[in-house]
Amino acid sequence: MKITAAITGVGAYVPDYVLTNQELETMVDTTDEWIMSRTGIKERHILKGENQGTSVMGIKAVEQLLAKTGLAAADIDLLICATTTPDLVFPATANIISAAIGATKAFSFDMQAACSGFMYALATGSQFIATGTYKKVVVVGADKMSSIIDYTDRSTCIIFGDGAGAVLLEPNTDGLGLLDQELHSDGHGEQYLHQKAGGSRRPPSAETVAQREHYVHQEGAAVFKFAVKNMADVAAQVSERNGLTADTIDWLVPHQANKRIIDATAHRVGIGPEKVMLNIHRYGNTTNGTIPLCLADYEQQLRKGDNLIIAAFGGGFTWGALYLKWAYDPKPGPSAA
């Protein structure tokens with residue numbers, strides 16, 4: 001029988017501090033109405049404190065996942081952390097998370113594909129399950145975007161927030177789990193969305209710091225145009241290839257970058273807003289955290305056998321879509337969505 005990788009549990013974490021649009025109005029030339037009309041974002045969570053890196057949130061998300069599923073950390077075979085804001089250049093943030101939770105058997109590594117990273121990591125982790133290599137794979141999506149945001153730049157500081165989510169992948173032979181994928185990248189998009197310094201091309205220096213080159217640089221119009229077309233097209237492509245229609249798709253799980261991009265993707269696939277997972281108003285764009293945070297927020301509404309289309313777009317450019325059939329009914333508990 002064909003083995004597929006099924007999500008059998010989710011966990012999530014966002015920091016306590018909430019940065020509202022009203023507070024941003026005191027920091028840059030913007031308004032709540034301007035932010036809401038262009039992005040759909042009302043607030044975002046920010047990780048505060050000394051020596052608080054992305055791993056802090058990833059650890060919390062995985063700990064919640066373990067508590068909910070009853071999985072022992074020592075039984076994890078592989079842990080992948082999708083992040084654009086690792087704690088350090090090395091070691092991998094995944095290694096830090098594994099050590100903290102006691103995943104002594106797991107090998108772990110980071111994956112960097114900007115906002116598409118979690119989707120790429122989910123597809124990658126699924127291969128280890130499908131080949132029979134591993135039986136317990138944890139995929140984490142986590143980012144502390146506030147660490148690379150210029151809070152004097154209103155074009156970027158209104159968008160991003162901090163957060164993390166995690167899922168457990170296990171083998172399935174009942175036709176549930178990840179059934180199809182379509183992943184792409186185009187390095188010509190580098191000029192439109194990138195961080196100018198901090199890597200080997202332009203290592204940190206007094207000059208790069210003075211010139212504020214360690215922050216997200218985005219040319220919004222170009223990114224928006226590319227994201228709308230490609231994220232929507234690939235979601236439609238995966239749906240059509242698998243014979244899915246507006247009636248048979250139960251949920252669209254889009255990367256939470258911009259409400260207008262989400263709406264365009266839903267329109268292209270032909271589904272109404274009642275089938276679109278949406279929490280951008282609460283968290284902003286948490287980069288690799290957006291998709292697992294959506295799954296966690298909507299977990300109580302998901303049912304075994306539901307057809308999910310996951311779609312994302314990221315800087316660089318990276319984009320793609322996955323077709324996932326949900327593998328379990330929710331346990332009793334409050335819905336966060």
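A residue is called buried when its relative accessible area is under 20%. By this cut-off Cys294 is buried, because its relative accessible area is 0%. The model described here is a predicted one. Cys294 is found in helix H11. Apart from neighbours within four places in sequence, Cys294 is in contact with Val253, Gln256, Met277 and Asn279. Cys294 and Ala12 are 282 residues apart in sequence, yet their C-alpha atoms are 9.2 Å apart in space.

The protein is divided into domain 1, residues 4-174, and domain 2, residues 179-326. The C-alpha centres of the two domains lie 14 Å apart. Contacts between them involve 50 residues of domain 1 and 45 residues of domain 2. The size of an interface is often given as the accessible area lost when the parts come together. For domain 1 and domain 2 this buried area is about 3,500 Å², and carbon and sulfur atoms give 62% of it. On the side of domain 1, the residues that lose the most area to domain 2 are Cys115, Met119 and Ile148, which together account for 18% of what that side buries. An unreviewed UniProt entry also lists residues 109-187 as "domain: Beta-ketoacyl-[acyl-carrier-protein] synthase III N-terminal". This span, 109-187, is 23% helix and 39% strand, and its end C-alpha atoms lie 22 Å apart.

Which residues does UniProt list for "active site"? The unreviewed entry gives Cys115, His255 and Asn285. These residues are spread over 171 residues of sequence but cluster in space, with a largest C-alpha distance of 8.8 Å.

His255 is found in the loop between strand E11 (251-254) and helix H9 (259-269). His255 counts as buried because its relative accessibility is 1%. Leaving aside neighbours within four places in sequence, its contacts include Cys115 and Asn285, as well as Met231, Ile262 and Phe313. The side chains of Asn285 and His255 make a polar contact of 3.5 Å.

Thr287 is found in the loop between H10 and H11. Although Thr287 is not a glycine, its phi is positive, at about 55°. Thr287 is buried, because its relative accessible area is 2%. Thr287 is also one of the residues in contact with His255.

Just after H9, Gly270 takes a positive phi of about 90°.

Glu299 lies in the loop between H11 and strand E12 (307-314). Glu299 counts as buried because its relative accessibility is 10%. Its side chain is joined to that of Tyr328 by a polar contact of 2.7 Å. Not counting residues up to four places away in sequence, Glu299 touches Val10, Lys68, Tyr328 and Pro330.

The peptide bond from Phe90 to Pro91 is cis, with omega near 5°. Pro91 has its place in the loop between strand E4 (78-82) and helix H4 (93-101). The peptide bond from Gly316 to Phe317 is also cis, with omega near -5°. The place of Phe317 is in the loop between E12 and strand E13 (318-325). Asn51, a residue other than glycine, has a positive phi near 55°. Asn51 lies in the loop between strand E3 (43-46) and helix H3 (54-69). Is Asn51 buried or exposed? Asn51 is exposed, because its relative accessible area is 79%.

Notes. Residues numbered from 1 in each chain as written. Predicted model: local features only at pLDDT ≥ 70, side-chain atom pairs only at ≥ 80, totals over all residues. Heavy atoms only, no water. UniProt positions renumbered as here; feature names shortened; annotations may be inferred. Helix = DSSP H or I, 4+ residues; strand = E, 2+ residues; numbered from the N terminus. Buried < 20%, exposed > 50% of the residue type's maximum accessible area, 1.4 Å probe, protein only. Contact = heavy atoms within 4.5 Å. Polar contact = N/O pair within 3.5 Å; in protein donor to acceptor, adjacent residues only side chain to side chain. Domains from an automatic or database assignment. Buried area = accessible area lost by both parts, 1.4 Å probe.
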